[in-house]
Amino acid sequence: MPLRRWEPLTTREAQGAMARSRSHAQLTRPAQHDAIAVIGMSCRLPRAADLAAFWKLLIQGSSAVTEVPDGRWDLDAGSTGTDAADTGSTDTGSTDGDAAGRRAALRYGAFLDQVDAFDGPFFGVSLREALAMDPQQRLMLELGWEALEHGGIVPATLRGSRTGVFVGAMSSDYAEMLRQDTTHAVTQHSFAGTQRGIIANRLSYTLGLNGPSMTVDAAQASSLVAVHLAVESLRRGESELALAGGVNLNLSAAGAQTVAGFGGLSPDGQCYTFDARANGFVRGEGGGLVLLKPLAKALADGDVVHAVIRGTAVNNDGATDGLTVPSTQAQADVLRQACQDADVDPARIQYVELHGTGTRVGDPIEAAGVGQAFGTDPDRHGTPLRVGSVKTNIGHLEAAAGIAGLLKVVLSLRQRQLPASLNFATPNAGIDLDALNLQVQRELGGWPQPEQLLLAGVSSFGMGGTNCHVILAEPPASGVQPQDRTAYSDASALPLPWLVSGRSEAALRAQAERLRTFAANDAELSPADVAWSLAAVRTAFEHRAVVLGTDSADLLRGLDALAAGEPAADVVRGSLRGSGALAFQFTGQGSQYPGMGRELYDA
C-alpha cells in the first residue's frame, strides 16, 4: 500500500507538537540512546486485513466475533474435551465444570478470512512446499514484507543486514492436523514446515536477514515478550533493525477443545473485561509485526516515527495458589519495572491497554496490580487512569494478544484518540474502580491530558506466570511543517507517474485494483506523495506499468484500465526480460560501421 511521504500539520498542531517535543526531550535526556522507534507496522486481524481496517474497527466500536465459519471444524465430530475439563483451574469462567457451557463456547471466535490463501510464488515457495508449511509461517512472510514496505524500506535492500526477527507463537494446530491426516504424505518439507521455531527463521531466510532470529513461546505473553527481546537486541547493538510481533491461528477442533477443557472460555462468545458479566474469554486469531529502530537513528534517517518504545520489562508470578493463578504483586512489579526502564514517572501514564481477558479471577487481580502501580500514585492528584482491552473487539489472540494491544496503542497515539473498550456496563464486584483510581474507556474520545506528552502502557500475561509490560510514548516532533509540501505545489500542471508492478500479469492487475481502491477512498491523498512512494520505496517486479495523469481522476481512470487489462493512452505496460546489469554506451561521434554497437554490447 502506498505510503504518504509527509503528513502536514496545521499551525496549531505544529505548535502543540513542538511543545510536546520539548517535554519529550526533557524526559528522555538521561537515556536517549535507549529509546526505540516504531517506524513500520503490519497486521492481519479479524475483520481487519490491514492497519486502516483495524483502526476503523476500533473507532466504530465493532466486534469481530462470529460463529465458527464453515470449513474450520465440525463441533459434532468427536469429543468436546469434557473429560479433560475437570482440572481444578482457578482462572476460569462459567464454563468450568459445565459441559453445555463449554460446548456453547466452542461455537464462537474471531477469525481471519481465507486463512488458507497464500501466494507462494511471490516468496519463491513451490506449491509442494507451501502445502507442508504451517499457515503461521506463511502469514509471517506476508506481514514481514508489509511491515517493511510500511516503513518505507524495499525488502531486498536489507539482505545481509543485522536485522533481527522476533516472533511470538504458542500453537501448532497445523502440525497436529497433518499428523492425523493420512491422505497427505510426509515430504522433505514437512519437518521444517511444521516446526514453530521456524516461523521467525523462515522470514529471515526469505529476506536474507542476518540478525537474531527466534520464535518466542511465553504462552499468551509471547508476542509482547518478543517485542521486549527485540528492544534489548537493538539497545545492545546486536540488531540494527528488528521485526517483532506474533501470530496465532486457530485451525483445529482439537486445539479448540483443549482450550475449552481448561474452562476459561465465555459461553456468550464475548470478553466482558472488568464487567460484572465476566465469564471467560473468546478466542481470536491473527498476527502483527512492528518494525523497530533506535530513535536517534530513525530521526537521523528521516523515518516516519509512529510511536516510541520508552521501556519494557518481563517477570514471572513465581509460586501462587496455582500454576495458572496470577499474582497481583508480580503484575504491579512488572509495570513499575517498565516505568523504571523507561525513566518515566508512573503518574504520567495516561492509559493502559490491559491484558483484560474477562475472567472472574484474572480481572480483579489485574485491576489491583494496575491500581497499585499506576492508578493510586499520589502524584496523579486524583486523575483516573484510563484502561481498556482490544480483546473486547477481536477476542483473545493468545500468543499474538500482546502485539494486537500494542498496535492499538500505537494507532491511538498516532491518531490522538482512545477507542472504546466494549462490553462494559457494570463494574465487576471484585473491582473497586474508584478506590483503584481506574476508569474504563467507554467511548471514543481524546486523551485525558492532551497537552502533556502522551504516555501509555501495554500489558500481556502468560498462563504460566510470565508478565510483560511495554511503555509507549507519542512520537517526537520531527520538524515537519506545512511548508514541507510546497516543493510539489506546482506539480499539478505536470503529469505524474504512478508505477505499478507484480510478479505476474495477474498480480500486476491485482495491484492496480488495490491501489485504485486505496486512492479512491482517501480524498485528501496527494498524488505526488503516492508517486514518490511507488517509485522510491516499492519493489519493482518483473511485470510493470506506468500510469500517467495530472490529477487523481486521470490516475484512477488509468488504474481502472490497467486492472481490467484494457489498453489506454495514459498507461504504458512492459515486462523485464533477463536480469542482466544495465549499461550505457557512449560511441563518441557515432557508429563508425554497421554492427559496431552490437559488438560493444556483446563484449
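Biologist: How do you know whether Asn423 is buried, exposed or partly exposed?
Modeller: Its relative accessible area is 22%. Buried means under 20% and exposed means over 50%, so with 22% Asn423 falls in between and counts as partly exposed. Please keep in mind that this is a predicted model.

Biologist: Where does Asn423 lie, and what makes its phi worth a remark?
Modeller: Asn423 sits in the loop between α15 and α16 (433-436). Its phi is positive, about 60°, although Asn423 is not a glycine. Most residues other than glycine have a negative phi.

Biologist: How much of the protein chain is buried?
Modeller: Of the 603 residues in the protein chain, 56% are buried. The secondary structure of the chain comes to 20 helices and 16 strands.

Biologist: What makes a group of residues here a nonpolar core, and how many residues has the largest one?
Modeller: Its members must be buried nonpolar residues joined through side-chain atoms within 4.5 Å. The largest set of this kind has 67 residues, and Phe54, Val290, Leu292 and Leu472 have the most contacts inside it. Helix α15 gives the largest share of this core, 9 residues. There is also a second, separate core of 41 residues, with Ile39, Leu158, Leu203 and Leu295 among them. As a general point, nonpolar side chains in soluble globular proteins tend to be buried together.

Biologist: Which residues is Phe54 in contact with, beyond its neighbours within four places in sequence?
Modeller: Contact means heavy atoms within 4.5 Å. Phe54 has such contacts with Cys43, Leu45, Ala48, Val390, Ile394, Ala404, Leu407, Lys408 and Leu411.

Biologist: Why is a space called a cavity, and how many does the whole structure have at 30 Å³ or more?
Modeller: In a cavity a 1.4 Å probe fits but cannot get out. A search finds 2 of them at that size. Among the 13 residues that line it, Trp73, Ala105, Tyr108, Gly109 and Arg283 are the closest to its centre. By class, its lining has 9 nonpolar, 3 polar and 1 charged residues.

Biologist: What lines the second largest cavity?
Modeller: Its lining is made of Glu353, Leu354, Lys391, Ala401, Gly402, Gly405, Val458 and Ser459. Two elements give two or more residues to it, α15 (401-415) and β12 (455-461), and α15 gives the most, with 3 residues. The volume of this cavity is about 40 Å³.

Biologist: What makes a pocket something other than a cavity, and what is the volume of the second largest pocket?
Modeller: A pocket is an open set of points, whereas from a cavity the probe cannot get out. The second largest pocket has a volume of about 630 Å³. It is lined by 34 residues, and the closest to its centre are Met170, Gln220, Phe262, Phe281 and Met463. The largest share of that lining, 5 residues, comes from α10.

Biologist: Which classes of residue line that second largest pocket?
Modeller: Its lining has 9 nonpolar, 17 polar and 8 charged residues.

Technical notes
Residues are numbered from 1 along each chain as its sequence is written. This is a predicted model: local features need pLDDT of at least 70, side-chain atom pairs count only at pLDDT 80 or more; totals for chains, interfaces and linings use all residues. Side-chain values use heavy atoms; hydrogens and water are left out. On a 1 Å grid over the protein atoms alone, a cavity is a set of points where a 1.4 Å probe fits but cannot get out, and a pocket is an open set with protein on both sides within 12 Å along at least five of seven lines; lining residues have an atom within 4 Å of a point. Grid points are joined across faces, edges and corners, and a volume is the space filled by probe spheres set on the points. Helices (H or I, at least four residues) and strands (E, at least two) are DSSP runs, numbered from the N terminus. Ala, Val, Leu, Ile, Met, Phe, Trp, Tyr, Cys and Pro count as nonpolar, Asp, Glu, Lys and Arg as charged, and the others, Gly among them, as polar. Buried means under 20% relative accessible area, exposed over 50%, partly exposed in between (1.4 Å probe, protein chains only).
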